[in-house]
Amino acid sequence: MSRVCELTGKGPMSGNNVSHANNKTRRRFLPNLNEVSLISDKLGRTYQLRISAAALRSVDHRGGLDAFLAKARDEELSDRALKIKRELAKA
């Protein structure tokens, strides 16, 4: 399972661990991913998605999964999220 948010496309970043002696070693910053169930009001279904905490806040801010997917760019969305977006467009 990849460490990428299904809604925002956020993935691991790289940087440095810096010690007190200013030694630098490479490290990874992983996104804060959570397995959540989001409800689609139009389709009347729940969807299990692996999204970041920031994406969950964005979904709440925009007014739910349907509104978030309507505004989201297709390049950022995963295959599963794109499928849900197409189903919403049909409905």
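Lysine 85 counts as buried, at 19% relative accessibility; buried means under 20% relative accessible area, exposed over 50%, and partly exposed in between (1.4 Å probe, protein chains only). The side chain of lysine 85 meets that of aspartate 74 in a salt bridge, N to O, at 2.9 Å. This pair links distant parts of the chain, with lysine 85 in helix H3 and aspartate 74 in the loop between H2 and H3, 11 residues apart. Aspartate 74 is partly exposed, at 41% relative accessibility.

A word on the ground rules. The model is predicted, so local features need pLDDT of at least 70 and side-chain atom pairs count only at pLDDT 80 or more, while totals for chains, interfaces and linings use all residues. Residues are numbered from 1 along each chain as its sequence is written, and side-chain values use heavy atoms, with hydrogens and water left out. Helices (H or I, at least four residues) and strands (E, at least two) are DSSP runs numbered from the N terminus.

**Salt bridges**

The structure holds 4 salt bridges, each being a side-chain nitrogen of Lys or Arg within 4 Å of a carboxyl oxygen of Asp or Glu. Side chains of opposite charge can pair when their charged atoms come close.

| Pair | Distance |
|---|---|
| Lysine 85 and aspartate 74 | 2.9 Å |
| Arginine 80 and glutamate 6 | 3.3 Å |
| Glutamate 75 and arginine 73 | 3.4 Å |

Arginine 80 and glutamate 6 meet in a salt bridge. Arginine 80 lies in helix H3 and glutamate 6 in the segment before E1, so this pair ties together parts that are 74 residues apart in sequence. Glutamate 6 is buried, with a relative accessible area of 9%, whereas arginine 80 is partly exposed at 46%. Leaving aside neighbours within four places in sequence, glutamate 6 is in contact with several residues, including Leu49, Ile51, Glu76 and Leu77; contact means heavy atoms within 4.5 Å.

Arg73, Glu75 and Glu76 are linked in a network of salt bridges. Glutamate 75 is exposed, with a relative accessible area of 65%, while glutamate 76 is partly exposed at 32%. You will find glutamate 76 in the loop between H2 and H3. Not counting residues up to four places away in sequence, glutamate 76 touches Glu6, Leu7, Thr8 and Gly9. Its C-alpha atom is separated by 32 Å from that of valine 18, 58 residues away along the chain.

**A buried aspartate**

Aspartate 66 is found in helix H2 (residues 65-71). This residue is buried yet has no salt bridge, and the nearest side chain of opposite charge, lysine 42, is 6.4 Å away. For charge, Lys and Arg count as positive and Asp and Glu as negative, with His and the chain ends not counted. The side chain of aspartate 66 does reach the backbone nitrogen of aspartate 41, at 3.0 Å. Setting aside residues up to four places away in sequence, aspartate 66 touches Ser40, Asp41, Lys42 and Leu88.

**The nonpolar core**

A nonpolar core is a set of buried Ala, Val, Leu, Ile, Met, Phe, Trp, Tyr and Cys residues joined through side-chain atoms within 4.5 Å. The largest one has 19 residues, of which Leu7, Leu38, Leu49, Ile51, Leu65, Leu69 and Leu77 touch the most other members. At least two residues of this core come from each of strand E3 (33-40), strand E4 (45-52), helix H1 (53-62), H2 and helix H3 (79-90). H3 gives the largest share, 4 residues. Beyond four places in sequence, leucine 77 touches Glu6, Leu7, Leu69, Ala72, Leu82 and Lys85.

**The hairpin**

Strands E1 and E2 run antiparallel and are joined by 6 bridges; two strands pair if DSSP finds at least two bridges between them. Methionine 13 has phenylalanine 29 in E2 as its bridge partner. The two strands, E1 and E2, form a hairpin with 5 residues between them. Asparagine 22 sits in the loop between strand E1 (13-18) and strand E2 (24-29), and counts as partly exposed at 48% relative accessibility. Most residues other than glycine have a negative phi. The phi of asparagine 22, however, is positive, near 70°.

Technical notes. Polar contact = N/O pair within 3.5 Å; in protein donor to acceptor, adjacent residues only side chain to side chain.
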